[in-house]
Amino acid sequence: MLLKRTIDCGSLRKSDVGRNVILNGWVNRWRNHGGIFFINLRDRYGITQVVVDTETAEAPELAAICLQLRNEFCIAVEGAVRPRPADMVNPSMDTGEIEVLASRIEIFNKSEVLPFQVDEESNASEELRLKYRYLDLRSQAMQDRIKLRSEVTFAVREWMTSNGFYEIETPTFIRSTPEGARDFLVPSRLYPGKFYALPQSPQLYKQLLMVSGFDKYFQIARCYRDEDSRGDRQPEFTQIDIEMSFVDREDVLSMTEGLFNYIFKKTLNHELPPQFTRLSYEQAMELYGTDKPDLRFELKMQDFAPYVQDGDFQAFKDALAHEGGGVKALVVKGRADYSRKQIEELEAQAKIYRARGMAWMKVVSGTAMEGGVSKFFANNAAQIIKGLEAGQGDLILVVADVKRSVANTALGAVRSKLGRDLNLCDPKKFEFVWIVDFPMFEFNEDENRWEAAHHMFTWPQEKYHATMEQDPGSVKGDLYDLVLNGFELASGSIRIHDCELQKRIFNIVGFDSDEAEKKFGFLTGAFKYGAPPHGGIAPGLDRLVMIMAGLSSIKDVIAFPKNSFACSPMDDCPGEVDQKQLDELNIVIKAVPKDVQ
């Protein structure tokens with residue numbers, strides 16, 4: 001008869017002494033001390049120490065069974081709970097005051113030699129961990145992360161339903177629509193030559209739900225995008241999809257703040273501010289050089305232009321001679337000790353973002369600087385030091401470009417690197433910031449046309465409605481991003497609910513009216529039947545849990561992720577299919593180029 005557990009491996013305490021229990025789990029570690037065996041038995045709830053005394057054991061076969069045991073054998077243990085000797089109490093274990101004296105052991109299943117140890121944080125390569133993901137998931141670190149993910153998901157459902165939201169599923173097979181990334185396509189057997197697409201997001205369907213009168217919708221939505229992977233992206237991912245009717249931007253922002261306050265309090269017992277910091281897109285770019293600023297550290301960028309004309313550095317003057325040029329500075333407190341090699345590493349980071357170089361100076365007193373380009377600013381050194389609020393021992397870094405946006409972005413990348421290098425990014429600190437007032441359109445120089453900065457269904461702010469076509473570059477959309485610790489955590493907008501305004505947006509971005517009708521006619525048609533004002537947001541669940549766990553890759557909070565090549569080493573996915581399946585789908589495979597085989 002199967003020895004079914006009567007209690008898990010993490011629940012026994014001193015108050016249970018004298019109980020006879022049955023435990024099921026995996027051998028985390030085992031030790032043979034000359035006839036006395038110690039087994040650390042593990043399940044997802046914890047670890048209990050089991051003792052087998054072969055000299056006094058009721059069942060003589062226990063010794064033979066214990067000699068067979070190895071790490072990760074799946075076993076059952078029956079025995080009596082007893083207190084540990086005072087000098088053997090383990091305060092680091094929840095069950096550290098007790099042990100179970102085994103009277104019976106059953107081996108459910110043996111384990112081969114492990115490719116890596118799972119009783120602690122593994123230092124195995126990512127590829128090996130993904131190949132044996134079912135073993136990697138047994139580690140305490142991965143168990144804790146998946147537990148956190150489950151708790152966060154449950155907290156989302158608790159808060160949303162208690163605040164009047166319906167959880168509604170939307171289709172997984174949809175029509176292919178242009179939304180930026182490539183669609184994953186699914187061929188139809190019943191309709192040869194036609195394809196479903198997997199949704200990049202439930203965007204259109206959640207808008208239709210608003211037309212349908214479901215004024216508060218949410219969904220833990222699976223989304224799919226055929227794009228290159230990186231640390232915080234996967235071809236399939238999960239987002240907390242939310243849409244609301246009869247709201248403006250502040251309503252959506254306030255709702256989201258309430259949701260995240262509940263999540264963090266419920267799962268981490270961490271208090272967040274009731275309202276998050278708000279920055280316009282322009283403020284974020286000017287102060288931090290990115291629309292995803294990490295506010296765990298200060299280090300704001302400053303305008304260096306007021307000090308250029310009184311200096312003699314021609315490169316800075318040339319940058320400002322161009323309309324739209326800019327010169328930006330960072331004051332790095334107490335880092336005048338930076339070596340030339342360290343400064344060159346920062347400069348290399350700036351060059352990745354199209355800067356032609358990075359100037360530097362070190363403050364040696366309240367009126368003097370040395371090194372780098374300081375000799376060109378000897379006459380106004382005191383003015384610069386005072387104006388930038390620098391002090392003795394500080395390092396000043398400056399980037400100039402004929403495009404202010406380049407100077408901002410490049411120096412912003414330097415700021416981000418400094419945050420990492422100087423350990424300013426505390427993983428236990430959570431700094432949220434809303435970025436609002438994004439440009440509605442951006443100009444694609446390669447294609448010589450305007451395109452939507454986010455997507456074509458965003459409501460332009462009212463004050464730009466009359467002049468959109470004349471000056472698309474000045475239009476601000478009712479867009480908002482939520483940023484946490486330098487990661488874009490959520491993106492949303494107030495949506496267009498008027499079909500005539502939607503047509504104007506299509507026209508500005510050069511989206512053919514016939515094509516628009518073909519792709520989105522079902523949505524714009526719905527707008528003709530009393531569509532309400534509506535807006536929403538979609539926080540990334542994977543990314544949220546990643547940040548909460550203090551990690552840098554969403555792979556570590558997804559049970560079965562793909563690797564950096566969008567493949568699964570565990571089940572060799574994607575894989576080939578047989579000819580019969582291809583014939584049923586009327587698909588012919590072209591010769592595959594050798595470089596992608």
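I began with Asp437, which counts as partly exposed because its relative accessibility is 23% (buried is under 20% relative accessible area, exposed over 50%, partly exposed in between, with a 1.4 Å probe and protein chains only).

Ground rules I noted: this is a predicted model, where local features need pLDDT of at least 70, side-chain atom pairs count only at pLDDT 80 or more, and totals for chains, interfaces and linings use all residues. Residues are numbered from 1 along each chain as its sequence is written, and side-chain values use heavy atoms, leaving out hydrogens and water.

What does Asp437 meet? I found a salt bridge with Arg249 (3.0 Å, N to O); the term needs a side-chain nitrogen of Lys or Arg within 4 Å of a carboxyl oxygen of Asp or Glu. Arg249 lies in helix H6 and Asp437 in the loop between strands E17 and E18, so the pair ties together parts 188 residues apart in sequence. Helices (H or I, at least four residues) and strands (E, at least two) are DSSP runs, numbered from the N terminus.

By this rule I get 37 salt bridges.

Next I looked up Lys417, whose salt bridge to Asp421 has its closest N and O atoms 3.2 Å apart. Both lie in helix H11, four residues apart, about one turn of the helix. Lys417 is buried at 16%, while Asp421 is partly exposed at 39%.

Last, the sheet: five strands, open, in the order E12-E13-E16-E14-E15, with antiparallel pairing (two strands pair if DSSP finds at least two bridges between them). E12 and E15 stand at the edges with a single partner strand each, so one side of each has no neighbour in the sheet.
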